[in-house]
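Keep the 3D view open as you read.

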Amino acid sequence: HQLTSWRMYHDGRSFRPLQLLTSMFCHRGYRHLSSNLFGLYVFGRAVEEQSGSLGVIFAYLFCGLFANLASKIRLHGHFASLGASGAVFGLFVVAALAKVQPDWRSLIECYVL
């Protein structure tokens, strides 16, 4: 199937750099897709309030690429990664940091979370 090439393969033989991006748009099933969409809705709205729609797009792609790159570096073997969980968690972090006030108490509270 042609879409299987969009997944990010961790073995060196099947990996293509574009998979760092395309794997964010592949999901295992409806439950996987719906949970990522819910997180994207909740945290994406919070980021959009602070940074606008272009900020959401940039944060989503940046966080997803960073998460996939970290996954590629840390994990080895013959398996594939797919989904937007890294990008959605990155949006959570961006949304939390956007709400933090620049005083020390707020920074410590954010760190504890």
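V93 sits in helix α3 of this predicted model. With a relative accessible area of 33%, V93 falls between the 20% and 50% cut-offs, so it counts as partly exposed. Its C-alpha atom is 9.5 Å from that of C63, a residue 30 places away along the chain.

C63 also turns up in the surroundings of L91: beyond the neighbours within four places in sequence, L91 is in contact with L40, F43, G44, V47, V56, A59, Y60 and C63. L91 belongs to the largest nonpolar core, a set of 11 residues that also includes M24, V47, V56, Y60 and A95. Both α2 (30–74) and α3 (85–99) supply at least two residues of this core, and the largest share, five residues, comes from α2.

Now turn to the course of α2 itself. A straight helix of 45 residues would span 66 Å at 1.5 Å a residue, but the end C-alpha atoms of α2 are only 27 Å apart. Look at S51, where α2 bends by about 125°.

Finally, the aromatic rings: the structure holds three aromatic pairs. One of them joins F43 and F92, whose ring centres are 5.2 Å apart with planes at 70°, so this pair is edge-to-face. Because F43 lies in α2 and F92 in α3, the pair ties together parts 49 residues apart in sequence. F43, at 26% relative accessibility, is partly exposed, and F92 is partly exposed at 31%. The rings of F89 and F92 form a tilted pair, with centres 5.7 Å apart and planes at 35°. F89 is exposed, at 52% relative accessible area. Through such ring pairs, F43, F89 and F92 are linked into a cluster.

Conventions. Residues numbered from 1 in each chain as written. Predicted model: local features only at pLDDT ≥ 70, side-chain atom pairs only at ≥ 80, totals over all residues. Heavy atoms only, no water. Core = buried A, V, L, I, M, F, W, Y, C linked by side-chain atoms within 4.5 Å. Buried < 20%, exposed > 50% of the residue type's maximum accessible area, 1.4 Å probe, protein only. Helix = DSSP H or I, 4+ residues; strand = E, 2+ residues; numbered from the N terminus. Contact = heavy atoms within 4.5 Å. Expected span 1.5 Å × (residues − 1). Bend = angle between axes of the 7 residues up to and from the residue. Phe/Tyr/Trp six-rings, centres within 6.5 Å; stacked < 30°, edge-to-face > 60°.
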